[in-house]
Amino acid sequence: MYVSSLRSSYLQTERERLRSETTLNFLLDLFKLSDPAINLGDSLSVGFYLKEGIAKAEEIADGNTRAAIYNTIGNVYSSMGEPDRAYAFLNKALDLQTSGAVENKNRASYLMDLGAVARSNMDYKTGIRYLRSALGVTVDPVLKMKASTDLAIIYDKLDTDSADYYRTISLKVSNDPS
């Protein structure tokens, strides 16, 4: 039993190492594109880097790594004010997480990012759906607090009593994260 547990831990560590190495290589390739010694005097846009990143992400075999990269790309599109593209990539990340082909440990974070895009675009119904889902799947007290706070903000904008309910949950979690 001890040997089996040890082997399982080793295999998990090796998967994490490979995931980190793949992500590092991905980022190094993107940084090379921005190196002035390689792209002499070129003024390249964020859109260019995103397209290059998307092309490279498609080549990554590990679903968890690809999902994390899609999620990052989706968040970049969100911060650029392009919610449709943000939704597309955030949903790709979530789809990889829910397919069963990869671990679900980031599912709550991906749902919260989708909720944040919806909230920032005043699509409160969709934001509530994603944030409630995130709250339902996470055991992480920090994520619970963030999801509850975001829900309280949305319900406050809608001027409903549910805002107090989610504020209370957020406060309880922040005072007693167990």
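**Notes on the fold and two residues**

1. The protein has eight helices and zero strands, and from the N terminus on its elements run α-α-α-α-α-α-α-α. Helices (H or I, at least four residues) and strands (E, at least two) are DSSP runs, numbered from the N terminus.

2. A word on the basis: this is a predicted model, where local features need pLDDT of at least 70, side-chain atom pairs count only at pLDDT 80 or more, and totals for chains, interfaces and linings use all residues. Residues are numbered from 1 along each chain as its sequence is written, and side-chain values use heavy atoms, with hydrogens and water left out.

3. Of the 178 residues in the protein, 33% are buried (under 20% relative accessible area, with a 1.4 Å probe and protein chains only). Among contacts (heavy atoms within 4.5 Å) with a separation of 6 or more, 48% are between residues 24 or more positions apart.

4. Do have a look at phenylalanine 89, which lies in helix α4 (residues 83-98). Phenylalanine 89 is buried, at a relative accessible area of 10%. Leaving aside neighbours within four places in sequence, its contacts are Ile54, Tyr70, Asn71, Ile73, Gly74 and Tyr77. Valine 76 is 13 residues away in sequence, and its C-alpha is 9.9 Å from that of phenylalanine 89.

5. Threonine 65 sits in helix α3 (residues 63-79) and counts as buried because its relative accessibility is 1%. Its side chain makes a polar contact of 2.7 Å with the side chain of aspartate 62; such a contact is a pair of N or O atoms within 3.5 Å, and within protein one must be able to donate a hydrogen and the other to accept it, while residues adjacent in sequence count only if both atoms are side-chain atoms.

Definitions and conventions:
Buried < 20%, exposed > 50% of the residue type's maximum accessible area, 1.4 Å probe, protein only.
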